[in-house]
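Here is a model to look through together, with questions of the "how do you know" kind. Take a moment to turn it around before reading on.

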Amino acid sequence: MCQIEIDEHCDVWSEAIVLARKPHRCSCCFSMIQSGQNYLRHFSALDGDVSPGTLCMDCKTDRDLFAEKHDGILAHPSGLLGMVEECVYEGDDGDEDSWRPMLSRIKIRRVRATKKEASNECHPKV
Ligand SMILES: [Zn+2]
Ligand SMILES: [Zn+2]
């Protein structure tokens, strides 16, 4: 396990699992969260800078797994991929093997999310 350093702690950190009433986009993998699906709504603030975020349930599960092995440190939704990347590339021996699968599946979700978007643009107007 690598040592993740957090420079500053947030003044406000609030998260809840909520039911989407309208589509949202995951801040980590960019997947669309459709209305009627559960997602994690994140809100944090540091020195008056508010930073909201969203996580799809897949990314939430990955983040929980990651936090379990990293002193319970939770990544901001938009910072999760970077944190896993850092662990894989700069962590101790063994980190790479443990966390590379998670890194790949988040990246695969990203590719899928971006691809879908590209094909949507090609649909004829109704
Ligand atoms: Zn690590
Ligand atoms: Zn996601």
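**How do we know?**

β4 and β5 form a hairpin with 2 residues between them, and D47 in the turn has a positive phi of about 50 degrees. This is a predicted model, in which local features need pLDDT of at least 70 and side-chain atom pairs count only at pLDDT 80 or more, while totals for chains, interfaces and linings use all residues. Residues are numbered from 1 along each chain as its sequence is written, and chains are lettered from A and ligands numbered from 1 in the order in which they are written.

Q: Why is D47 called exposed?
A: A residue is buried if 20 or more other C-beta atoms lie within 10 Å of its own, exposed if 12 or fewer, and partly exposed in between, with C-beta atoms placed from the backbone. D47 has 7 C-beta neighbours inside 10 Å, so D47 counts as exposed. D47 sits in the loop between β4 and β5, and its phi is positive although D47 is not a glycine.

Q: What makes F30 count as buried, exposed or partly exposed?
A: F30 has 17 C-beta neighbours inside 10 Å, so F30 counts as partly exposed. Its place is the loop between β2 (24-25) and β3 (32-33). F30 is not a glycine, yet it has a positive phi of about 70 degrees.

Q: How do you know how many helices and strands the protein chain has?
A: Helices (H or I, at least four residues) and strands (E, at least two) are DSSP runs, numbered from the N terminus. By that rule the protein chain has 3 helices and 5 strands, and along the sequence they follow the pattern β-β-β-β-β-α-α-α.

Q: What makes β4 and β5 a pair?
A: Two strands pair if DSSP finds at least two bridges between them. Strand β4 (residues 38-46) and β5 have 7 bridges, in the antiparallel sense.

Q: How do you know that the buried residues of helix α2 line one face?
A: In helix α2 (residues 80-90), L80, L81, M83, V84 and C87 are buried. Seen down the axis of α2, they fall within an arc of 165 degrees (the arc of the directions from the helix axis to the C-beta atoms), so they line one face of the helix. G82 and E90, on the other side of α2, are exposed.

Q: What makes a set of residues the largest nonpolar core here?
A: A nonpolar core is a set of buried Ala, Val, Leu, Ile, Met, Phe, Trp, Tyr and Cys residues joined through C-beta atoms within 7 Å. The largest has 18 residues, and those with the most contacts inside it are C28, L55, C59, L80, V84 and I106. At least two residues each come from β4, α1 (57-68), α2 and α3 (95-120). The largest share, 5 residues, is supplied by α2.

Q: Which residues is C59 in contact with, leaving aside its neighbours within four places in sequence?
A: Two residues are in contact if their C-beta atoms, placed from the backbone, lie within 7 Å. For C59, these partners are C26, C28, C29, L80 and I106.
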